[in-house]
Amino acid sequence: MDKNPPAAIKGRGAAHNPQGRFEKLERSRDENAEIQSRPETVVTLQRARSIIARNDSPDLPFSQSINPYQGCEHGCIYCYARPSHAYLGLSPGLDFETRLFAKENAADLLREELSRPGYRCELISLGANTDPYQPAEREYRITRGVLEVLWEFRHPVGIVTKGSLIERDLELLEPMAREGLVQVFISIGSLDGEIARTLEPRAAAPFRRVETIRRLVAHGVPCGVLVAPVIPFLNDKDMEAVLEAASEAGARMAGYTVLRLPWEVKELFKTWLEQHYPLRASHIMARIRDIRGGRENDPEFGSRMKGEGLFAELLRNRFTVACNRLGLNADKRNNLDSSGFRRPSPQSSLF
């Protein structure tokens, strides 16, 4: 690992812009000249050609997802979506959290796709890649437009977020919940505010996310907590505390994932460790290799989300015991209902 990492930037996860693997020209980067002390976020409106992404991964509980934004200002250093910026000729580092793309035609594209005679209704996930309630959503309202279309078509949706901005849309989520069309997972990796401040610099604070669960549940929106990512020797000790806080707030579902380090994320995360936790860095990476079969990342289906080995088995057991004690995941039924799906006429109202 780099023993002389670049200085951390307040309010940002990455401190530099390592070269993306698809950049055609290798560039020599003068870090001092290139990176501003307080880099601004730039959002570019984008006309997408399609909006529903499909996957056949056995590790995921959905086959359809929508990502209203490319890039994410939350700046989570571990984000597995960072390498996608390399496809744009941008860096998965600071570019990923400061150069964002908002799919301004997302709602129109979704309406077109759902209106096709051959479309088969099944759960759509929001937040599978980048957070649909990141700060840019306050102004651009792309996620809001997508939700309005889903409600218009009575289409089920699952949402994963670290953003308390989701509370803005309770007027939509509440009636959707009454018809069994929505469930929300709030991602909380730790209740330690200091860890969250550097690990997820522009996401809502952990206590605020717990409060978001409480407010959603109070309006009848079924909620769960996603303890993610679990990082050995950093936040793994907090698993039970997160589950207990979420359960007390009204969550009835839970899941967890262990840290993944695909492509450029590996070096970004190791640099972050040297910046913020230098005394623990080598121990953390050694344990990560333990649960990844000696590698720093395991891309294999079946093991990439939970890991393998003794430590991974210990995490599984702890999670199961805590969930059983708290009554989480007691209802094994899928509460979302696709039977009410409809294609409204062009003249029909949203409500």
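This is a predicted model: local features need pLDDT of at least 70, side-chain atom pairs count only at pLDDT 80 or more; totals for chains, interfaces and linings use all residues.

Colleague: OK, and where is S91 in the fold?

Modeller: S91 is in the loop between strand 4 (69–70) and helix 2 (94–98).

Colleague: Is S91 buried or exposed?

Modeller: Buried: the relative accessible area of S91 is 1%, and the cut-off for buried is under 20%.

Colleague: What does S91 touch, leaving out residues up to four places away in sequence?

Modeller: On that count, S91 touches N17, P18, H85 and F96.

Colleague: Switching to helices. At what angle do the axes of helix 5 and helix 6 cross?

Modeller: Roughly 30°, and the axes of helix 5 (residues 142–152) and helix 6 (residues 170–178) come within 10 Å. Angles under 35 degrees count as roughly parallel, so helix 5 is roughly parallel to helix 6. The crossing is left-handed.

Colleague: Which residues meet there?

Modeller: From helix 5, R144, L147, E148, L150 and W151; from helix 6, E171, L172, L173, P175 and M176. The residues of that contact split into seven nonpolar, three charged and no polar.

Colleague: What about the backbone, say the peptide bond from A228 to P229?

Modeller: That bond is cis, with omega near -15°. P229 belongs to strand 9 (residues 223–230).

Colleague: And what is phi at F233?

Modeller: Positive, about 65°, although F233 is not a glycine. F233 lies in the loop between strand 9 and helix 9 (239–249), and F233 is partly exposed at 39% relative accessible area.

Definitions and conventions. Residues are numbered from 1 along each chain as its sequence is written. Side-chain values use heavy atoms; hydrogens and water are left out. Helices (H or I, at least four residues) and strands (E, at least two) are DSSP runs, numbered from the N terminus. Buried means under 20% relative accessible area, exposed over 50%, partly exposed in between (1.4 Å probe, protein chains only). Contact means heavy atoms within 4.5 Å. Axes are lines fitted to C-alpha atoms, for helices over the stretch in contact, and angles run from 0 to 180 degrees between N-to-C directions. Angles under 35 degrees count as roughly parallel, over 145 as roughly antiparallel, 65 to 115 as roughly perpendicular and the rest as oblique. A crossing is left-handed if the near helix is turned anticlockwise from the far one by less than a right angle, and right-handed if clockwise. Ala, Val, Leu, Ile, Met, Phe, Trp, Tyr, Cys and Pro count as nonpolar, Asp, Glu, Lys and Arg as charged, and the others, Gly among them, as polar.
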